[in-house]
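Please read them with the structure open.

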Amino acid sequence: MPLIIVSADDFKQGDEISQKVAGTLGYRYLGRDLLHYVATENQVSEEELARALDEAPGLLTRRARRQRLLGLIEAACLNVLLDDNVVCFGLAAHMYVRAVSHALKVRIINEPEQRAEELAKAEGLSVDKARKQVLRQTKEERRWSEEAYNLDQTDASLYDMVISLGTLELDKAVEIISDTVGYRKFQPMTYSRKLMQDKALAANVRRELMGQFPEIRVEANDGTVVVFIQSLKKDQRKKQELVRQIAGGLPGVRHVEVHIIRDLVGQAAQSSR
Amino acid sequence: MAIITISRGSYSKGREVAEKVAQRMGYQVVSRDVLLEASEKFHIPEVKLVRAIHDAPSILERFTHGKYCYLAFIRAALSERAVKDDLVYHGLAGHLLLKGVPHVLKVRIIADLEARVAAEMKRENLTQNQACSLLIKDDAERRKWTQSLYGVDPWDASLYDLVIHINQLTVDDAVDFIVQAAGRECFKTTVEAQQKMQDLALACRVKASLAEDDCVDIAVTSEFGNVLVYTKQDARKLHRMEDKLKLLTKKVPEINHLEVRSGQAFPPEAC
């Protein structure tokens, strides 16, 4: 049965729709509760994990730290999504579960004017001020996804479907999403399951290595893991050995290749000393 | 019953979706014939109307108001069709031309560039590079046109009730979703919704008639046949417009009452 991955411009609505879809279909609901597990396993705070999912890094927030937290969430989430029959919301899965044919990706949005009116009512603002806030929120949403994943999460082409709650009711959105479960193209196939397994493996390896190699990139295919790290020439061998040692010991990894991307900034800094 | 507008880029299978939805629901499907009607009614060559709808206005045209007039004609022709209800309309920015009508289900169909390029290569016998360049240019033109005339980005998903990506989802899947959504209460033609559509059609008709006489920079509203024409015209042009409007009031029985408001801000819901 397909995975259903929901993204929304209103967290409460996205959460409600996702839970209702899961309830209708008898699927597991995977949401922000996962953060408690991630926090406990990795000795980080739940609040910091939630902030990493909601806020673009500011001047005082290190990008590397934020990417590490997102990497932890991604690994935990993908491990759960290896099972079928899951509805996932609030964990940015729409950003990293890509090209998996049995994952139905849906975005739920509201008309900006409607959002502004509701915000004005909820917070006692003028409609004009609320409109500006809604615009700012949309820009922030975009900025967050572009900084974290190099993608604009408001771009409709990332999804199979975008549903606006301007005229369609919430329950209608639940119905539309639930009805796609039966579509043949969203049934898990051998190749799509394999792709999910590769993604989960790559995320697990990345999780283990990110602490020491913040700008790491990992790809996996059938147990062969290719790791891209930055390094100065003089540290190359040592780092390659370390990566092989750590990654090679992880479950599911049969072979590790390490590719070095030249650390040009570090090199320039070294040569100027 | 509903009015369904389907917006799409070139070779995004939008036409196919529209035709299948219309067939399934027993609706009429409309696209370029609206241009033909506008062309016959307002004696404008069809090619000019096609360019009005597809190309962004040039700086010169912003001064001569050609495209703005043509749009008024197109909008009048479309809204007259939409009054008859049970309509599927594709292309031509229907979601913007029928703005404010409550029982319009606004859909956008998108497809990956690779699939669109392949379709254009096959149909127009082009190389991959040629097809890709043409599509990218066409997309950019449509986007620019909508942004310059309506101040909105047609790629903005919030303009639509449903955006369907033809990739994993097939044309038939898209048709299912649209038919399902159109069956909802909120898209049924109520008495109030039909009245709004009639008001829009009347307002568009008045505006198009004035545009024929080169009366531009006006906005028109209608409520139960009570028509208000908002204008920024100077006194001389205003006088000529008022004469025209007197004639129109006699010719169009649907107009109960007509007033001209000069120097006031155009209401956002005005045509």
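1. This is a predicted model. In chain A, helix 4 (residues 63-81) and helix 9 (residues 190-209) have axes that come within 8 Å and cross at roughly 150°. The crossing of helix 4 of chain A with helix 9 of chain A is left-handed. On the helix 4 side, the contact is made by A:G71, A:L72, A:E74, A:A75, A:L78, A:N79 and A:L81. Helix 9 of chain A contributes A:M196, A:K199, A:A200, A:A203, A:N204, A:R206 and A:R207. By class, this contact has 7 nonpolar, 3 polar and 4 charged residues.

2. The contact between the two chains takes 20 residues from chain A and 17 residues from chain B. On the side of chain A that touches chain B, strand 5 (161-164) and helix 8 (170-179) each supply at least two residues. Strand 5 of chain A gives the largest share of that side, 4 residues. By class, the side of chain A that touches chain B divides into 11 nonpolar, 5 polar and 4 charged residues.

3. Strand pairing also runs across the two chains. Strand 5 of chain A pairs with strand 5 (residues 162-166) of chain B in the antiparallel sense, over 3 bridges. Within this pairing, A:I163 stands opposite B:L162.

4. The largest nonpolar core has 137 residues. The residues with the most contacts inside this core are A:V87, A:C88, A:V227, B:I4, B:I164 and B:I178. For B:I178, the contacts beyond its neighbours within four places in sequence are B:I4, B:V21, B:V107 and B:L162. As general background, nonpolar side chains in soluble globular proteins tend to be buried together.

5. Strand 4 (residues 104-111) of chain B is mostly covered, with 8 of its 8 residues buried. Both faces of the strand are covered: B:V104, B:K106, B:R108 and B:I110 are buried on one side, and B:L105, B:V107, B:I109 and B:A111 on the other.

6. What does strand 4 of chain B pair with? Strand 1 (residues 3-8) of chain B pairs with strand 4 of chain B in the parallel sense over 6 bridges. In that pairing, B:T5 stands opposite B:K106. Strand 5 of chain B also pairs with strand 4 of chain B in the parallel sense, over 5 bridges. There, B:R108 has B:V163 as its bridge partner.

7. Chain B has an open sheet of 3 strands in the order 6-7-8, with mixed pairing. Strand 6 (218-223) and strand 8 (257-262) of chain B stand at the edges with a single partner strand each, so one side of each has no neighbour in the sheet. From one strand to the next, the twist averages 20°. Strand 7 (residues 226-231) of chain B runs parallel to strand 8 of chain B, and 6 bridges join them. B:Y230 has B:R261 in strand 8 of chain B as its bridge partner. Helix 10 (residues 191-212) of chain B lies across strand 6 and strand 7 of chain B, and runs at about 150° to strand 6.

8. Is B:F224 buried or exposed? B:F224 lies in the loop between strand 6 and strand 7 of chain B. B:F224 has 12 other C-beta atoms within 10 Å, and therefore counts as exposed, the cut-off for that class being 12 or fewer. B:F224 and B:L202 are 22 residues apart in sequence, with a C-alpha to C-alpha distance of 9.5 Å.

9. Two backbone points in chain B concern phi. B:D86 is a residue other than glycine with a positive phi, near 50°. B:D86 is found in the loop between helix 5 (66-83) and strand 3 (87-90) of chain B. With 15 C-beta neighbours inside 10 Å, B:D86 is partly exposed. B:N125, also not a glycine, has phi near 55°. B:N125 is found in the loop between helix 7 (113-124) and helix 8 (128-150) of chain B. B:N125 is exposed, with 9 other C-beta atoms within 10 Å.

Note on methods
Residues are numbered from 1 along each chain as its sequence is written. Chains are lettered from A and ligands numbered from 1 in the order in which they are written. This is a predicted model: local features need pLDDT of at least 70, side-chain atom pairs count only at pLDDT 80 or more; totals for chains, interfaces and linings use all residues. Axes are lines fitted to C-alpha atoms, for helices over the stretch in contact, and angles run from 0 to 180 degrees between N-to-C directions. A crossing is left-handed if the near helix is turned anticlockwise from the far one by less than a right angle, and right-handed if clockwise. Two residues are in contact if their C-beta atoms, placed from the backbone, lie within 7 Å. Ala, Val, Leu, Ile, Met, Phe, Trp, Tyr, Cys and Pro count as nonpolar, Asp, Glu, Lys and Arg as charged, and the others, Gly among them, as polar. A nonpolar core is a set of buried Ala, Val, Leu, Ile, Met, Phe, Trp, Tyr and Cys residues joined through C-beta atoms within 7 Å. A residue is buried if 20 or more other C-beta atoms lie within 10 Å of its own, exposed if 12 or fewer, and partly exposed in between; C-beta atoms are placed from the backbone. Two strands pair if DSSP finds at least two bridges between them.
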